[in-house]
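Open the model in your viewer and keep the selection panel at hand.

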Amino acid sequence: MNQFLSRRTFILIPFMSFLKIIFKPLQVLASSQASKEDWNLSKSEWKSRLTPESYFILREEGTERAFTSPLNNEKRKGVFQCAGCGLPLFLSDQKFDSGTGWPSFWDSIQGSVETKVDFKLIVPRTEYHCSRCGGHQGHVFNDGPLPTGKRYCNNGLALRFVPD
Ligand SMILES: [Zn+2]
């Protein structure tokens, strides 16, 4: 009997921690989906909110020409927000000069962006977008600086800089 109990405990403990792992992300997901619905705007609603250039980037996964964004040379302290919904995506401390002609970051604010793989250039690339409104931001590559080794290559037109 004792043996049976201890065996059951053995099974229960990992099972309970497994449940914790499963249920925690579900709660987070539920709250992010609730706010996502507020941003489920129609094409014409987005068009009235955005400039045609920002609409092309954010809603049609466009890419601006390199070296065209004034945010390339932005070096002040502050926050880079999604130009679609205002969600803070990057901190100025996460920005670095990649020399590519697009604002670049080695990390994003936790939970602010989501990724998917796209094949627009045939070679698979990791696209990322605002986790709240779904607006396309750019692509993330694995050739960035330490500590993450990531390079978030962002369209300046998809961002709004708010200095501290
Ligand atoms: Zn957004």
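What is the geometry of the site of the zinc ion, given the angles among its four donor atoms? The site is tetrahedral, with angles of 101 to 116°; four donors count as tetrahedral if all angles lie between 85 and 135 degrees.

This is a predicted model, in which local features need pLDDT of at least 70, side-chain atom pairs count only at pLDDT 80 or more, and totals for chains, interfaces and linings use all residues. Residues are numbered from 1 along each chain as its sequence is written, and side-chain values use heavy atoms, with hydrogens and water left out.

Select the zinc ion and the SG atoms of Cys82, Cys85, Cys130 and Cys133: these are the protein donors, 2.3 to 2.4 Å from the ion. Donors are N, O and S atoms within 2.8 Å of the metal (3.2 Å for Na, K and Ca). Their residues follow the spacing C-x2-C-x44-C-x2-C. Cys82 has a relative accessible area of 0% and Cys85 one of 9%; each is buried, which means under 20% relative accessible area (1.4 Å probe, protein chains only).

Next, show Phe90 and Tyr152, an edge-to-face aromatic pair at 5.8 Å centre to centre and 65° between the planes. Rings of Phe, Tyr and Trp (its six-membered ring) pair if their centres lie within 6.5 Å, and planes over 60 degrees apart count as edge-to-face. Both Phe90 and Tyr152 are buried.

Finally, select Phe80, Phe90, Phe105, Tyr128, Tyr152 and Phe161, which form one aromatic cluster.

Conventions. Four donors count as tetrahedral if all angles lie between 85 and 135 degrees; four count as square planar and six as octahedral if opposite donors are over 155 degrees apart and all others between 65 and 115; anything else is irregular. Buried means under 20% relative accessible area, exposed over 50%, partly exposed in between (1.4 Å probe, protein chains only). Rings of Phe, Tyr and Trp (its six-membered ring) pair if their centres lie within 6.5 Å; planes under 30 degrees apart count as stacked, over 60 as edge-to-face and the rest as tilted.
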